[in-house]
Amino acid sequence: MRMWIRAPLAILAEEAEGGVVVEGARIVECVARGAQPAAPVDEVFDASGHVVLPGLINLHHHFFQTLTRACPPALDKPLFPWLEALYPVWAGLRPVDLALAARVALVELLRSGCTMVSDHHYLFPAGLEEAIDIEVAALRELGMRAVLTRGSMSLSVEDGGLPPKCVVQNEDAIMADSERLLTRYHERGEGAMLGIALAPCSPFSVTPALMRESAALARREGARLHTHLAETGDETAWCLEHTGQRPVDYLEALDWLGDDVWVAHGIHFDAHEIVRLGQAGVGVCHCPGSNMILASGHCRSLELEEAGSPVGLGVDGSASNDASNLIGEARQALLLQRLYYGADRVGHRDALRWATEGGARCLGRSDIGRIAPGLQADLALFKLEEPRFAGAGDPLAALLLCGAQQADRVMIAGRWRLLDGEVPGLDLDALLDAQRRAARELLRRAGLAA
(Lines give C-alpha, C1' and ligand atoms only; values in the text may rest on other atoms or scores of the structure.)
Protein backbone atom coordinates (compact mmCIF):
# COMPACT_ATOMS: atom_id res chain seq x y z
CA MET A 1 0.00 0.00 0.00
CA ARG A 2 1.16 3.49 -0.91
CA MET A 3 -0.45 6.32 1.04
CA TRP A 4 -0.11 10.00 0.24
CA ILE A 5 -0.45 12.21 3.32
CA ARG A 6 -1.35 15.22 1.22
CA ALA A 7 -0.84 18.97 1.57
CA PRO A 8 -0.41 19.41 5.33
CA LEU A 9 -1.12 22.73 6.99
CA ALA A 10 2.57 22.66 7.98
CA ILE A 11 5.27 20.02 8.13
CA LEU A 12 8.64 19.81 9.88
CA ALA A 13 10.57 18.73 6.78
CA GLU A 14 12.35 20.22 3.81
CA GLU A 15 10.68 20.26 0.39
CA ALA A 16 7.60 18.43 1.69
CA GLU A 17 4.91 21.09 1.64
CA GLY A 18 2.88 18.80 -0.65
CA GLY A 19 3.09 15.99 1.88
CA VAL A 20 4.77 12.62 2.08
CA VAL A 21 4.20 9.22 0.55
CA VAL A 22 4.38 6.18 2.82
CA GLU A 23 4.85 2.66 1.54
CA GLY A 24 4.98 -0.18 4.03
CA ALA A 25 6.91 0.98 7.09
CA ARG A 26 8.86 3.74 5.33
CA ILE A 27 8.57 7.20 3.89
CA VAL A 28 9.37 6.84 0.20
CA GLU A 29 8.83 10.37 -1.10
CA CYS A 30 8.56 13.97 0.01
CA VAL A 31 6.23 15.87 -2.30
CA ALA A 32 6.97 19.50 -3.14
CA ARG A 33 4.31 22.19 -2.91
CA GLY A 34 1.76 21.84 -5.69
CA ALA A 35 3.32 18.62 -7.03
CA GLN A 36 1.96 15.09 -7.34
CA PRO A 37 3.65 11.86 -6.17
CA ALA A 38 6.06 10.38 -8.69
CA ALA A 39 4.11 7.11 -8.82
CA PRO A 40 0.43 6.19 -8.31
CA VAL A 41 -0.84 5.84 -4.73
CA ASP A 42 -3.49 3.53 -3.29
CA GLU A 43 -4.82 5.92 -0.67
CA VAL A 44 -4.85 9.65 0.01
CA PHE A 45 -5.16 11.21 3.46
CA ASP A 46 -6.08 14.88 3.38
CA ALA A 47 -3.75 16.53 5.91
CA SER A 48 -4.76 20.11 5.11
CA GLY A 49 -5.95 20.56 8.69
CA HIS A 50 -2.90 18.99 10.30
CA VAL A 51 0.59 20.00 11.36
CA VAL A 52 2.88 17.03 10.66
CA LEU A 53 5.93 16.25 12.80
CA PRO A 54 8.32 13.34 12.91
CA GLY A 55 7.14 11.04 15.69
CA LEU A 56 8.31 12.44 19.02
CA ILE A 57 10.97 10.50 20.93
CA ASN A 58 10.88 10.14 24.71
CA LEU A 59 14.33 9.30 26.08
CA HIS A 60 13.65 8.79 29.78
CA HIS A 61 10.67 7.65 31.82
CA HIS A 62 9.66 5.45 34.73
CA PHE A 63 6.33 3.91 33.75
CA PHE A 64 5.61 2.52 37.23
CA GLN A 65 5.49 6.02 38.66
CA THR A 66 2.12 6.80 37.06
CA LEU A 67 0.79 5.10 40.21
CA THR A 68 2.24 7.77 42.50
CA ARG A 69 1.46 11.10 40.87
CA ALA A 70 1.20 14.02 43.30
CA CYS A 71 1.82 11.51 46.08
CA PRO A 72 1.33 13.28 49.45
CA PRO A 73 4.45 11.97 51.27
CA ALA A 74 6.67 13.17 48.40
CA LEU A 75 5.23 16.63 47.80
CA ASP A 76 7.48 19.68 47.95
CA LYS A 77 10.71 17.74 48.35
CA PRO A 78 14.01 17.74 46.42
CA LEU A 79 15.31 14.53 44.87
CA PHE A 80 16.90 12.61 47.75
CA PRO A 81 14.08 13.18 50.30
CA TRP A 82 11.57 12.62 47.49
CA LEU A 83 13.12 9.22 46.74
CA GLU A 84 13.29 8.28 50.41
CA ALA A 85 9.58 9.08 50.76
CA LEU A 86 8.61 6.96 47.76
CA TYR A 87 10.87 3.89 48.02
CA PRO A 88 8.65 2.31 50.73
CA VAL A 89 5.58 2.88 48.55
CA TRP A 90 7.17 1.43 45.43
CA ALA A 91 8.36 -1.61 47.40
CA GLY A 92 4.75 -2.84 47.31
CA LEU A 93 4.55 -2.79 43.51
CA ARG A 94 3.04 -5.98 42.01
CA PRO A 95 3.07 -7.27 38.42
CA VAL A 96 -0.57 -6.29 37.85
CA ASP A 97 0.22 -2.77 39.06
CA LEU A 98 3.13 -2.38 36.67
CA ALA A 99 1.06 -3.68 33.75
CA LEU A 100 -1.57 -1.02 34.39
CA ALA A 101 0.97 1.73 35.01
CA ALA A 102 2.87 0.92 31.82
CA ARG A 103 -0.28 0.94 29.69
CA VAL A 104 -1.39 4.28 31.10
CA ALA A 105 2.06 5.83 30.55
CA LEU A 106 2.24 4.53 26.99
CA VAL A 107 -1.26 5.68 26.09
CA GLU A 108 -0.51 9.14 27.47
CA LEU A 109 2.73 9.30 25.48
CA LEU A 110 1.06 8.05 22.29
CA ARG A 111 -1.72 10.61 22.60
CA SER A 112 0.93 13.34 22.92
CA GLY A 113 2.51 12.40 19.58
CA CYS A 114 5.21 10.07 20.87
CA THR A 115 6.20 7.13 18.66
CA MET A 116 9.50 6.01 20.26
CA VAL A 117 9.75 5.55 24.01
CA SER A 118 12.45 4.65 26.47
CA ASP A 119 11.62 3.48 29.97
CA HIS A 120 14.14 3.18 32.78
CA HIS A 121 12.80 0.48 35.08
CA TYR A 122 15.13 0.00 38.03
CA LEU A 123 12.75 -1.27 40.73
CA PHE A 124 12.65 -5.05 41.26
CA PRO A 125 11.14 -5.92 44.65
CA ALA A 126 10.39 -9.59 45.31
CA GLY A 127 7.78 -10.84 42.85
CA LEU A 128 8.57 -8.26 40.16
CA GLU A 129 11.57 -10.00 38.61
CA GLU A 130 9.91 -10.04 35.15
CA ALA A 131 9.14 -6.33 35.07
CA ILE A 132 10.68 -5.75 31.64
CA ASP A 133 8.66 -8.61 30.16
CA ILE A 134 5.50 -6.94 31.49
CA GLU A 135 6.48 -3.71 29.77
CA VAL A 136 7.19 -5.54 26.51
CA ALA A 137 3.65 -6.92 26.52
CA ALA A 138 2.20 -3.42 26.98
CA LEU A 139 4.32 -2.03 24.15
CA ARG A 140 3.34 -4.76 21.73
CA GLU A 141 -0.34 -4.27 22.52
CA LEU A 142 -0.09 -0.61 21.48
CA GLY A 143 2.35 -1.11 18.59
CA MET A 144 4.87 1.44 19.84
CA ARG A 145 8.59 1.57 19.18
CA ALA A 146 10.85 1.41 22.23
CA VAL A 147 14.16 0.95 23.94
CA LEU A 148 13.50 -0.56 27.36
CA THR A 149 16.37 -0.09 29.74
CA ARG A 150 17.03 -2.83 32.27
CA GLY A 151 17.71 -0.70 35.30
CA SER A 152 19.23 -1.93 38.53
CA MET A 153 19.90 -1.01 42.13
CA SER A 154 22.34 -3.07 44.19
CA LEU A 155 23.68 -0.62 46.78
CA SER A 156 21.22 -0.37 49.67
CA VAL A 157 21.26 2.17 52.46
CA GLU A 158 22.92 -0.46 54.66
CA ASP A 159 25.79 -0.52 52.16
CA GLY A 160 26.12 3.25 51.87
CA GLY A 161 23.59 3.79 49.08
CA LEU A 162 20.21 5.51 49.13
CA PRO A 163 17.52 2.84 48.49
CA PRO A 164 16.28 0.43 51.20
CA LYS A 165 17.29 -3.21 51.00
CA CYS A 166 13.78 -4.35 50.00
CA VAL A 167 14.10 -2.78 46.53
CA VAL A 168 17.68 -3.73 45.58
CA GLN A 169 18.87 -6.93 43.90
CA ASN A 170 21.85 -9.22 44.03
CA GLU A 171 24.32 -8.30 41.28
CA ASP A 172 24.54 -11.83 39.93
CA ALA A 173 20.76 -11.83 39.47
CA ILE A 174 20.93 -8.43 37.78
CA MET A 175 23.54 -9.54 35.27
CA ALA A 176 21.80 -12.85 34.55
CA ASP A 177 18.51 -11.09 33.84
CA SER A 178 20.25 -8.44 31.75
CA GLU A 179 21.74 -11.16 29.56
CA ARG A 180 18.38 -12.96 29.32
CA LEU A 181 16.60 -9.80 28.17
CA LEU A 182 19.24 -8.95 25.59
CA THR A 183 19.05 -12.46 24.17
CA ARG A 184 15.27 -12.57 24.11
CA TYR A 185 14.24 -9.10 23.01
CA HIS A 186 17.04 -6.92 21.70
CA GLU A 187 16.55 -6.06 18.02
CA ARG A 188 19.36 -4.53 16.01
CA GLY A 189 19.46 -2.52 12.83
CA GLU A 190 17.21 -0.28 10.80
CA GLY A 191 13.53 -0.36 11.66
CA ALA A 192 14.01 -2.09 15.02
CA MET A 193 10.84 -1.90 17.09
CA LEU A 194 12.27 -3.04 20.42
CA GLY A 195 15.72 -2.59 21.86
CA ILE A 196 17.15 -3.34 25.27
CA ALA A 197 19.70 -1.12 26.99
CA LEU A 198 21.44 -1.64 30.33
CA ALA A 199 20.88 1.07 32.89
CA PRO A 200 22.32 0.88 36.41
CA CYS A 201 20.15 3.44 38.15
CA SER A 202 22.62 6.02 39.44
CA PRO A 203 26.03 6.39 41.10
CA PHE A 204 24.38 6.32 44.55
CA SER A 205 22.47 3.06 44.04
CA VAL A 206 24.91 0.63 42.37
CA THR A 207 28.50 -0.49 42.86
CA PRO A 208 31.38 0.32 40.52
CA ALA A 209 31.62 -3.38 39.66
CA LEU A 210 28.03 -3.44 38.40
CA MET A 211 28.63 -0.36 36.26
CA ARG A 212 31.69 -1.96 34.66
CA GLU A 213 30.05 -5.36 34.11
CA SER A 214 26.94 -3.76 32.60
CA ALA A 215 29.07 -1.75 30.18
CA ALA A 216 31.04 -4.81 29.12
CA LEU A 217 27.90 -6.91 28.54
CA ALA A 218 26.10 -4.17 26.62
CA ARG A 219 29.05 -3.64 24.31
CA ARG A 220 29.41 -7.36 23.64
CA GLU A 221 25.75 -7.48 22.64
CA GLY A 222 25.64 -4.25 20.62
CA ALA A 223 23.34 -2.52 23.12
CA ARG A 224 23.42 0.95 24.61
CA LEU A 225 23.95 2.23 28.14
CA HIS A 226 21.89 4.64 30.22
CA THR A 227 21.91 6.09 33.73
CA HIS A 228 20.93 9.13 35.77
CA LEU A 229 23.83 11.55 36.02
CA ALA A 230 24.49 14.94 37.61
CA GLU A 231 20.83 15.50 38.42
CA THR A 232 21.37 17.32 41.70
CA GLY A 233 24.04 18.91 43.85
CA ASP A 234 23.38 16.14 46.41
CA GLU A 235 24.52 13.57 43.85
CA THR A 236 27.76 15.46 43.26
CA ALA A 237 28.35 15.65 47.02
CA TRP A 238 27.64 11.91 47.38
CA CYS A 239 30.10 11.05 44.60
CA LEU A 240 32.81 13.23 46.11
CA GLU A 241 32.31 11.70 49.56
CA HIS A 242 32.12 8.06 48.46
CA THR A 243 34.33 7.96 45.36
CA GLY A 244 36.50 11.04 45.66
CA GLN A 245 35.37 12.06 42.17
CA ARG A 246 32.74 14.23 40.53
CA PRO A 247 30.07 12.30 38.58
CA VAL A 248 31.70 12.72 35.12
CA ASP A 249 35.11 11.65 36.44
CA TYR A 250 33.47 8.65 38.10
CA LEU A 251 31.71 7.74 34.86
CA GLU A 252 34.96 7.96 32.92
CA ALA A 253 36.78 5.77 35.44
CA LEU A 254 34.12 3.09 34.87
CA ASP A 255 34.51 3.22 31.04
CA TRP A 256 31.16 4.88 30.55
CA LEU A 257 32.19 7.88 28.45
CA GLY A 258 31.27 6.84 24.93
CA ASP A 259 28.87 7.52 22.08
CA ASP A 260 26.86 4.43 23.07
CA VAL A 261 25.80 6.15 26.32
CA TRP A 262 23.03 8.61 27.05
CA VAL A 263 22.40 10.04 30.50
CA ALA A 264 19.29 11.53 32.08
CA HIS A 265 19.19 15.10 33.41
CA GLY A 266 22.82 16.20 32.95
CA ILE A 267 22.49 19.35 35.02
CA HIS A 268 25.49 19.81 37.29
CA PHE A 269 28.34 19.79 34.78
CA ASP A 270 31.09 22.38 34.72
CA ALA A 271 32.39 23.82 31.44
CA HIS A 272 35.29 21.36 31.18
CA GLU A 273 33.00 18.40 31.79
CA ILE A 274 30.66 19.56 29.03
CA VAL A 275 33.60 19.58 26.61
CA ARG A 276 34.62 16.07 27.64
CA LEU A 277 31.08 14.74 27.29
CA GLY A 278 30.80 16.29 23.84
CA GLN A 279 34.14 14.89 22.70
CA ALA A 280 33.01 11.43 23.82
CA GLY A 281 29.62 11.81 22.12
CA VAL A 282 27.63 11.09 25.29
CA GLY A 283 23.96 11.94 24.78
CA VAL A 284 22.00 13.96 27.33
CA CYS A 285 18.28 13.69 27.99
CA HIS A 286 16.85 17.00 29.17
CA CYS A 287 13.88 16.53 31.55
CA PRO A 288 12.61 20.08 32.12
CA GLY A 289 9.33 19.33 33.92
CA SER A 290 10.89 17.00 36.47
CA ASN A 291 13.88 19.28 36.95
CA MET A 292 11.62 22.23 37.75
CA ILE A 293 9.25 20.33 40.06
CA LEU A 294 12.14 18.90 42.09
CA ALA A 295 14.09 22.18 41.75
CA SER A 296 17.10 20.18 40.56
CA GLY A 297 18.59 22.81 38.28
CA HIS A 298 19.02 23.69 34.60
CA CYS A 299 20.43 21.52 31.82
CA ARG A 300 22.86 23.56 29.68
CA SER A 301 21.49 22.20 26.44
CA LEU A 302 23.07 24.66 24.02
CA GLU A 303 26.58 24.26 25.42
CA LEU A 304 26.19 20.48 25.36
CA GLU A 305 25.11 20.52 21.71
CA GLU A 306 27.89 22.91 20.77
CA ALA A 307 30.40 20.59 22.45
CA GLY A 308 29.14 17.60 20.42
CA SER A 309 26.65 15.89 22.71
CA PRO A 310 23.29 15.04 21.18
CA VAL A 311 20.45 16.42 23.32
CA GLY A 312 16.94 14.99 23.49
CA LEU A 313 13.91 15.17 25.77
CA GLY A 314 12.35 12.96 28.40
CA VAL A 315 9.23 13.28 30.48
CA ASP A 316 10.97 11.46 33.35
CA GLY A 317 8.87 9.67 35.93
CA SER A 318 5.24 10.57 36.36
CA ALA A 319 5.89 10.94 40.09
CA SER A 320 8.30 13.84 39.58
CA ASN A 321 6.94 15.35 36.37
CA ASP A 322 3.41 14.11 37.16
CA ALA A 323 2.76 13.89 33.43
CA SER A 324 3.79 11.74 30.47
CA ASN A 325 3.08 14.26 27.73
CA LEU A 326 5.95 14.77 25.32
CA ILE A 327 4.55 17.64 23.25
CA GLY A 328 3.93 19.38 26.56
CA GLU A 329 7.51 18.61 27.59
CA ALA A 330 8.80 20.21 24.39
CA ARG A 331 6.97 23.41 25.38
CA GLN A 332 8.51 23.20 28.86
CA ALA A 333 11.95 22.84 27.30
CA LEU A 334 11.36 25.84 25.06
CA LEU A 335 10.27 28.04 27.95
CA LEU A 336 12.94 26.96 30.42
CA GLN A 337 15.82 27.18 27.96
CA ARG A 338 14.60 30.50 26.58
CA LEU A 339 14.42 31.89 30.12
CA TYR A 340 18.04 30.83 30.65
CA TYR A 341 19.57 31.69 27.25
CA GLY A 342 17.30 34.45 25.98
CA ALA A 343 14.50 34.69 23.42
CA ASP A 344 16.93 35.25 20.55
CA ARG A 345 18.89 32.02 21.16
CA VAL A 346 16.19 29.38 21.65
CA GLY A 347 13.22 28.99 19.33
CA HIS A 348 10.40 26.52 18.80
CA ARG A 349 12.42 24.65 16.17
CA ASP A 350 15.15 23.99 18.73
CA ALA A 351 12.67 22.36 21.10
CA LEU A 352 11.10 20.36 18.27
CA ARG A 353 14.59 19.24 17.21
CA TRP A 354 15.33 18.00 20.74
CA ALA A 355 12.02 16.11 20.75
CA THR A 356 12.74 14.38 17.44
CA GLU A 357 16.15 14.31 15.77
CA GLY A 358 18.07 14.92 19.00
CA GLY A 359 16.36 11.99 20.66
CA ALA A 360 17.13 9.73 17.71
CA ARG A 361 20.82 10.68 17.88
CA CYS A 362 20.94 9.89 21.60
CA LEU A 363 19.65 6.41 20.79
CA GLY A 364 22.07 5.92 17.91
CA ARG A 365 19.21 5.84 15.40
CA SER A 366 19.46 7.39 11.93
CA ASP A 367 16.19 5.86 10.66
CA ILE A 368 13.81 7.87 12.85
CA GLY A 369 13.52 11.44 14.14
CA ARG A 370 13.21 13.14 10.74
CA ILE A 371 10.85 13.15 7.78
CA ALA A 372 12.82 12.11 4.70
CA PRO A 373 12.72 9.38 2.02
CA GLY A 374 14.02 6.04 3.28
CA LEU A 375 13.31 6.75 6.95
CA GLN A 376 10.72 4.99 9.07
CA ALA A 377 7.16 6.27 8.71
CA ASP A 378 6.79 7.51 12.29
CA LEU A 379 4.60 10.63 12.17
CA ALA A 380 2.58 12.75 14.59
CA LEU A 381 -0.28 14.84 13.22
CA PHE A 382 -1.79 17.68 15.25
CA LYS A 383 -4.89 19.78 14.60
CA LEU A 384 -5.08 23.47 15.53
CA GLU A 385 -8.81 23.63 16.13
CA GLU A 386 -8.99 24.31 19.88
CA PRO A 387 -9.58 27.85 21.18
CA ARG A 388 -5.96 28.01 22.34
CA PHE A 389 -4.85 28.15 18.68
CA ALA A 390 -7.32 30.77 17.47
CA GLY A 391 -5.47 33.47 15.54
CA ALA A 392 -2.17 31.59 15.37
CA GLY A 393 -0.02 32.66 12.42
CA ASP A 394 2.82 30.09 12.30
CA PRO A 395 1.39 26.57 12.72
CA LEU A 396 4.67 24.95 13.81
CA ALA A 397 5.35 27.64 16.37
CA ALA A 398 1.75 27.46 17.56
CA LEU A 399 2.16 23.84 18.64
CA LEU A 400 4.50 24.93 21.42
CA LEU A 401 3.70 28.60 21.99
CA CYS A 402 -0.04 27.95 22.21
CA GLY A 403 0.46 24.74 24.15
CA ALA A 404 -0.63 21.70 22.12
CA GLN A 405 -1.50 18.80 24.40
CA GLN A 406 -2.71 15.99 22.17
CA ALA A 407 -2.12 14.61 18.69
CA ASP A 408 -5.02 13.81 16.38
CA ARG A 409 -3.26 10.97 14.54
CA VAL A 410 -0.05 9.04 15.10
CA MET A 411 1.60 6.66 12.65
CA ILE A 412 4.30 4.17 13.68
CA ALA A 413 6.14 2.09 11.08
CA GLY A 414 3.51 3.00 8.51
CA ARG A 415 0.48 2.03 10.63
CA TRP A 416 -1.99 4.36 12.29
CA ARG A 417 -1.81 3.78 16.05
CA LEU A 418 -3.87 6.83 17.07
CA LEU A 419 -7.01 7.91 15.20
CA ASP A 420 -9.03 11.01 16.05
CA GLY A 421 -7.12 11.29 19.30
CA GLU A 422 -8.03 7.76 20.45
CA VAL A 423 -6.25 4.40 20.53
CA PRO A 424 -8.34 2.02 18.38
CA GLY A 425 -9.92 -0.76 20.40
CA LEU A 426 -8.85 0.60 23.79
CA ASP A 427 -11.40 1.03 26.57
CA LEU A 428 -9.65 4.01 28.11
CA ASP A 429 -12.21 4.55 30.87
CA ALA A 430 -11.83 0.96 32.08
CA LEU A 431 -8.03 1.22 31.98
CA LEU A 432 -7.98 4.44 33.98
CA ASP A 433 -10.45 3.08 36.52
CA ALA A 434 -8.32 -0.03 37.09
CA GLN A 435 -5.15 2.05 37.35
CA ARG A 436 -6.67 4.43 39.88
CA ARG A 437 -7.78 1.50 42.04
CA ALA A 438 -4.27 0.03 41.84
CA ALA A 439 -2.77 3.38 42.86
CA ARG A 440 -5.03 3.59 45.93
CA GLU A 441 -4.20 0.02 46.88
CA LEU A 442 -0.48 0.68 46.56
CA LEU A 443 -0.78 3.55 49.04
CA ARG A 444 -2.90 1.40 51.34
CA ARG A 445 -0.26 -1.34 51.40
CA ALA A 446 2.29 1.29 52.39
CA GLY A 447 0.08 2.39 55.27
CA LEU A 448 -0.66 5.76 53.69
CA ALA A 449 -4.37 5.29 52.95
CA ALA A 450 -7.33 3.61 54.61
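I looked up the largest pocket: about 360 Å³ of space lies in it. The model is predicted: local features need pLDDT of at least 70, side-chain atom pairs count only at pLDDT 80 or more, and totals for chains, interfaces and linings use all residues. Residues are numbered from 1 along each chain as its sequence is written, and side-chain values use heavy atoms, with hydrogens and water left out.

I noted the pocket terms. On a 1 Å grid over the protein atoms alone, a pocket is an open set of points where a 1.4 Å probe fits, with protein on both sides within 12 Å along at least five of seven lines; lining residues have an atom within 4 Å of a point. A volume is the space filled by probe spheres set on the points.

I found 17 residues lining the largest pocket, with I11, L12, A13, E14 and R349 nearest its centre. β2 (10–11) and α12 (348–362) are the elements that give two or more residues to this lining. α12 gives the largest share, four residues. I sorted the lining into eight nonpolar, two polar and seven charged residues.

Next, the second largest pocket. About 290 Å³ of space lies there. Of its 19 lining residues, E187, G189, L363, G364 and R365 are the closest to its centre. Strand β10 (residues 194–200) supplies the largest share of the lining, four residues.

Last, helix α8 (residues 271–280). I list E273, I274, R276, L277 and G278 as buried, that is, under 20% relative accessible area (1.4 Å probe, protein chains only). Just after α8, G281 takes a positive phi of about 80°.

Terms used. Ala, Val, Leu, Ile, Met, Phe, Trp, Tyr, Cys and Pro count as nonpolar, Asp, Glu, Lys and Arg as charged, and the others, Gly among them, as polar. Buried means under 20% relative accessible area, exposed over 50%, partly exposed in between (1.4 Å probe, protein chains only).
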